[in-house]
Amino acid sequence: MRKLSYNAAIGGFLIGLLLVVALLGAFWTPYDPLKLDFVARLERPSFAHWMGTDEFGRDVLSRIMVGAGASVWIGTLTVTFTIVMGTLIGLVSGYTRGLTDGLIMAVNNALLAFPGILLALGLLAVFGANQYGIIFALGIAYTPSMARLVRGVVLTLRESEFIEASKLMGNSEFYTVFRHILPNCLAPMSVLATTMFGWAILSESALSFLGLGVPPPAPTWGNMLAAGRPFIEQAVWLGVFPGLCIALTLLGINLLGDALRDRLDPRMRGLK
C-alpha cells in the first residue's frame, strides 16, 4: 500500500506540474518565446533568464512553457484518437468473431509488426510534418495495441452468463456491448492510455528532434534539443533543460501508470 501511495503521489505531482506549466504557458510567459534578441544571445541562466537564452537570444524558460503545452496537446489528442478507434475496432472484432475478426486482426497484426515510431515516420511522409499530421500518424501507430487489448477483454466476456442473460432479456447486441461489455474494458484501457500518453510525448519529441515534428520557430521540447545540439559545449543548458523536462514527464507518467495498474488490476491487489 505504501508503494502505491508513493507512486501515485510523485506521479500525480509531476503530471500536475506539467499541466500547470502547460496551462500557464498558454496565457503567459516571462518573455515572448519567438522574439529574437541577438544582444542576449547564449546567456547563461540568471535572475533575468532563469534557464538562459538560446542561439537567437530567446528565453529558454518561455519556450519550455510553450513546448509543454504542445506536448500535452499532442499527447492528449493522440490518446483520444487511439482510444476511440482502438475501442471500436476491438469491440467489433472481439464480439463478431468469424471472418470479420480474422480480417481485422490480420491488418491489426500487420501494423503491430512495425515499431510505432517507424510506422509514424512513414505516415508523416504522407501527411506532412505538422502538429495534426503527428497526431494522426501516432494515433494510427498506437491504435493496434488498444484494439488488441479491447478485443482480448471482449473475448473473455462474450460467453459470460451476464451477457447471455442480457440477450435472453431481449436487449439488442448494441446495447449489450456498450452497456455490459464496454464498462469492463475501462480499467485495462485506462492503464494502457496512461502509458500511451508517455509514448506520444516521447515520440513527438523524437520526431521533432529529427526535424519531422512541429516546424520551427514554434517551440517543442524535441526541436529545442535538436537546436541546442551544436552548442552543447558552450551552452549546455540548451540541452539539459528540455531533456530534463522530458525525463521528469515520462517518470511521472510511468509512476502514475503503475499506481493506476495496482489500483485497477485485481491480480495486483491480491499481492498487497
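These legends describe close-up views of one predicted model.

The model is predicted, so local features need pLDDT of at least 70, side-chain atom pairs count only at pLDDT 80 or more, and totals for chains, interfaces and linings use all residues. Residues are numbered from 1 along each chain as its sequence is written, and side-chain values use heavy atoms, with hydrogens and water left out.

**View 1. Confidence along the chain.** The protein averages a pLDDT of 86. pLDDT is the predictor's confidence in each residue, from 0 to 100. A score of at least 70 is reached by 95% of the residues. Confidence is highest in helix H2, at 92. It is lowest in helix H10 (residues 266–269), at a mean of 50. Helices (H or I, at least four residues) and strands (E, at least two) are DSSP runs, numbered from the N terminus.

**View 2. Spans annotated in UniProt.** An unreviewed UniProt entry carries the annotation "transmembrane region" for residues 7–28, 70–91, 103–126, 132–150, 189–214 and 234–257. UniProt positions are given in the numbering used here, feature names are shortened, and annotations may be inferred rather than shown by experiment. In the model, residues 7–28 are 95% helix and 0% strand. The end C-alpha atoms of that span lie 31 Å apart. Residues 103–126 are 88% helix and 0% strand, with end C-alpha atoms 25 Å apart. The unreviewed entry also gives "domain: ABC transmembrane type-1" for residues 68–257. That stretch is 83% helix and 0% strand. Its end C-alpha atoms are 20 Å apart.

View 3. Val84, Met85, Leu88, Phe174 and Phe178 make a nonpolar surface patch of about 470 Å². Helix H2 (60–96) and helix H7 (173–209) each give two or more residues to the patch. The largest share, three residues, comes from H2. Patches are made of residues with over 30% relative accessible area and no salt bridge; like charges are joined within 9 Å, nonpolar side chains (Val, Leu, Ile, Met, Phe, Trp, Tyr) within 5 Å. Areas come from the Shrake-Rupley method with a 1.4 Å probe; for residues, only the protein chains shown count as cover. Phe174 is found in helix H7. Its relative accessible area is 61%, so Phe174 is exposed. Buried means under 20% relative accessible area, exposed over 50%, partly exposed in between (1.4 Å probe, protein chains only).

**View 4. The surroundings of Thr249.** Thr249 lies in helix H9 (residues 237–264). Thr249 counts as buried because its relative accessibility is 5%. Neighbours within four places in sequence aside, Thr249 is in contact with Ile15, Leu18, Ile201 and Trp221. Contact means heavy atoms within 4.5 Å.

View 5. Side chains of opposite charge can pair when their charged atoms come close. A salt bridge is a side-chain nitrogen of Lys or Arg within 4 Å of a carboxyl oxygen of Asp or Glu. The whole structure holds three salt bridges. One joins Asp101 and Arg151, at 2.8 Å from N to O. The pair links distant parts of the chain: Asp101 sits in helix H3 (residues 98–112) and Arg151 in helix H5 (residues 131–157), 50 residues apart. Asp101 is buried, at 7% relative accessible area.

**View 6. A network around Asp54.** Salt bridges that share partners join Asp54, Arg58 and Arg63 into one network. Between Arg58 and Asp54, the closest N and O atoms are 2.8 Å apart. Between Asp54 and Arg63, the closest N and O atoms are 3.8 Å apart. Arg58 and Asp54 are both buried. Asp54 has a relative accessible area of 5%. Arg63 is buried, with a relative accessible area of 5%.
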